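Work through the exercises below with the sequence and the structure at hand. Each task is followed by a solution in steps.

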Amino acid sequence: MKRKTIIWLIIFLFFLIILAGLASFLYLEIKQPVSLPSAAYLEIKLRGQVMDRAPVDLFSQLIMNIQPVSLHDLWVNLRKAKQDDRIRCVLFRLGPLVCDWGKVNEIRELVKEFRSSGKKVYFYLDELPEADREYYLATSGDYIILHPLGWLGINGVGGYIPFFKNTLEKLGVRVEVEHVEEYKTAYNTFTEEGFTPAHKEMMFSLTQDIFKEYVSQAATSRHLSEETFLARLNHGLFQGEEAKEAGLVDKVLFPDQLDDLLKEDGRELKKVTLETYARVGEKMTGLYRGKRVAVVYAQGAIIAGESISSFMGGETVGRWLRQAREDNRIKAVILRVDSPGGSAVGSDYIWREVILTRKQKPVVVSMSDVAGSGGYWISMGASKIVAHPQTLTGSIGVLAAKFDLSELYKNIGVTAERLVSSEHADIYTTFRPLSAEEKARLKEEIRWTYDQFLLRAAEGRGQTKEAIDQVGRGRVWTGNQAKKVGLVDELGGLTRALEMAKQLAGIPQDEPVKIEVWPKKVSLISLLLGRREEVTSLTPRPTFSGSLEVLKRLERENVWAIMPFWQSLR
């Protein structure tokens, strides 16, 4: 009896916590007026995974009252704070970031845009022993402050690319891949023992270009020569005062000493968190009114059909574009792309909606960390394409693959009897390899798809099919390189994409516009009333486990437009 009482008490307390969180969240959802002090600083805690558009996490919102930070949140609130006289400066509490160089560059540009108002930005670092991306971001501010015992590790860009062919063979697993062309190395990690010449050439080129951008921008921001900054990278690790003496940080302070640093004319500034400031009405600044511009977020590996879990569905994103196209109040569309590609059919579905939308209003693509293969497919029909210098893009190429587990089954004693109604009914079975005839047929199919890729890209970019083939063949480019070879138009982020969208739509640059965002965030009240929430896809990390996740989901797709997987380069 006593045990049952304890169980019921635990259940009661659990539901009590849920109800308390729900009441708190509903209170916030009613958009209670936010009263800010007349002189304040905006504190932004930035660490962990960074996404373009964060999904709704009901547990975090209800129980812990936490809203995930996304690039969209930062874009909206920093632009808002730039014009808000009550916000005198911004303090970033910066920790390890889980994203690539494109998103870091986006935030860096947002910081520089905020600073153009004359307001200062401070970065506080506790301890970052491997911090090249984070440090690159911090150099965009006015001051970098390090904890007295904080480690700062900056040592350049690089890493290891793993290859699992031998491991898989020992297990009795073989990955069969047909690809077009030599740079289409998406599954070399499963089929090779090391780099092919084309794979190595491409990876070296990408790494060097990202590294040069990092050194150039960081050295300039810290008022160091590139040679001096390279010497700091070769030293690698710095701690406390050592980092200050090397010119890498401006001050070494404990967190409680920050208030004195942030004083304005001897007057202490009050802290306002990003979570609180996000509830301040956007109309206050006049940023979001008048004509409308849609921002459609397309993030994650691409599949045909509707979005599910961590995958972007062609029909889902296509529907958002169609809704934006049919809304006469919307004068232009920004398609924000963060995708390594995926299903060719799913990609083509979105491409078609981009083409139809472009016939009625401008479509500007803004590329994030990655817009490769299928990610480029959905972009190439836009009016203009904007990418970051470090965005991984291009990879115009196609592949098809399957697992042959016949040796694994033999090793563990699994047997099977073949039962088919036609000669190739079991072409995608894991119980046998592809025949020579099937390999030839598969190669023919993906060559035709590649040809369609080239034709669409040539039309979208105003080039010949032959010219696109020269920069295609599955090769990945950085945004810097892609601009030089004509695959993107300009370098920049969301703000530059918005400027171009307004220009193409005939909207004066100084005229405020209202931003309409897809996917729509459905309020908790609407969810409780049964309204369906649109899925916001996550972007799988380009790692071994991420590769397996994408391969597993795409195993039923015949032809893929997906870019190479590799370990993230720090």
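This is a predicted model: local features need pLDDT of at least 70, side-chain atom pairs count only at pLDDT 80 or more; totals for chains, interfaces and linings use all residues.

## Exercise 1: Cis peptide bonds

Task: Which residue is joined to V180 by a cis peptide bond, and which residue is joined to W518 by one?

Solution. Most peptide bonds are trans. Step 2: a cis bond links V180 to E181, with omega about -5 degrees. E181 belongs to the loop between β6 (174-180) and α7 (188-191). Step 3: a cis bond also links W518 to P519, with omega about 5 degrees. P519 is in the loop between β21 (514-518) and α21 (524-528).

## Exercise 2: Strand order in a sheet

Task: Give the order of the strands in the open sheet of 6 strands and explain why β8 and β9 stand at the edges.

Solution. Step 1: the order reads β8-β4-β3-β2-β1-β9, with parallel pairing. Step 2: β8 (251-252) and β9 (270-273) each have a single partner strand, so one side of each has no neighbour in the sheet. Step 3: look at one pair inside the sheet. β2 (residues 87-98) and β3 (residues 120-125) pair in the parallel sense over 6 bridges, and F92 stands opposite F123 in β3.

## Exercise 3: Helices on the sheet

Task: Which strands do helices α3 and α4 pack on, and how do the axes of α3 and α4 cross?

Solution. Step 1: α3 (residues 71-82) lies across β1 (40-49) and β2, and runs at about 165 degrees to β1. Step 2: α4 (residues 101-115) packs on the sheet and touches β1, β2 and β3, while its direction makes about 140 degrees with that of β3. Step 3: the axes of α3 and α4 come within 9 Å and cross at roughly 10 degrees. Step 4: that crossing makes α3 roughly parallel to α4, because angles under 35 degrees count as roughly parallel. Step 5: among the residues that make the contact are L71, L74, W75 and L78 of α3 and I107, L110 and F114 of α4.

## Exercise 4: The nonpolar cores

Task: Which members of the largest nonpolar core touch the most other members, and which helix gives the most to this core?

Solution. Step 1: of the 80 residues in the largest nonpolar core, L46, F92, F123, L152, I154, Y214 and F229 touch the most other members. Step 2: helix α8 (residues 197-221) gives the most to this core, with 9 residues. Step 3: another core lies apart from it and has 49 residues, including V333, I446, L454 and W477. Step 4: follow one member of the largest core. Leaving aside neighbours within four places in sequence, F92 is in contact with I44, L46, L78, V111, V121, Y122, F123 and Y124. In soluble globular proteins, nonpolar side chains tend to be buried together.

## Exercise 5: A buried loop residue

Task: Is H147 buried or exposed, and how many residues separate H147 from E241 in sequence?

Solution. Step 1: H147 lies in the loop between β4 (143-146) and β5 (151-153). Step 2: the relative accessible area of H147 is 19%, so H147 is buried. Step 3: H147 and E241 are 94 residues apart in sequence, and their C-alpha atoms are 9.3 Å apart in space. Step 4: beyond neighbours within four places in sequence, the contacts of H147 include Y124, D126, G240 and F254.

Technical notes. Residues are numbered from 1 along each chain as its sequence is written. Side-chain values use heavy atoms; hydrogens and water are left out. A nonpolar core is a set of buried Ala, Val, Leu, Ile, Met, Phe, Trp, Tyr and Cys residues joined through side-chain atoms within 4.5 Å. Buried means under 20% relative accessible area, exposed over 50%, partly exposed in between (1.4 Å probe, protein chains only). Helices (H or I, at least four residues) and strands (E, at least two) are DSSP runs, numbered from the N terminus. Contact means heavy atoms within 4.5 Å. Two strands pair if DSSP finds at least two bridges between them. Axes are lines fitted to C-alpha atoms, for helices over the stretch in contact, and angles run from 0 to 180 degrees between N-to-C directions. Angles under 35 degrees count as roughly parallel, over 145 as roughly antiparallel, 65 to 115 as roughly perpendicular and the rest as oblique.
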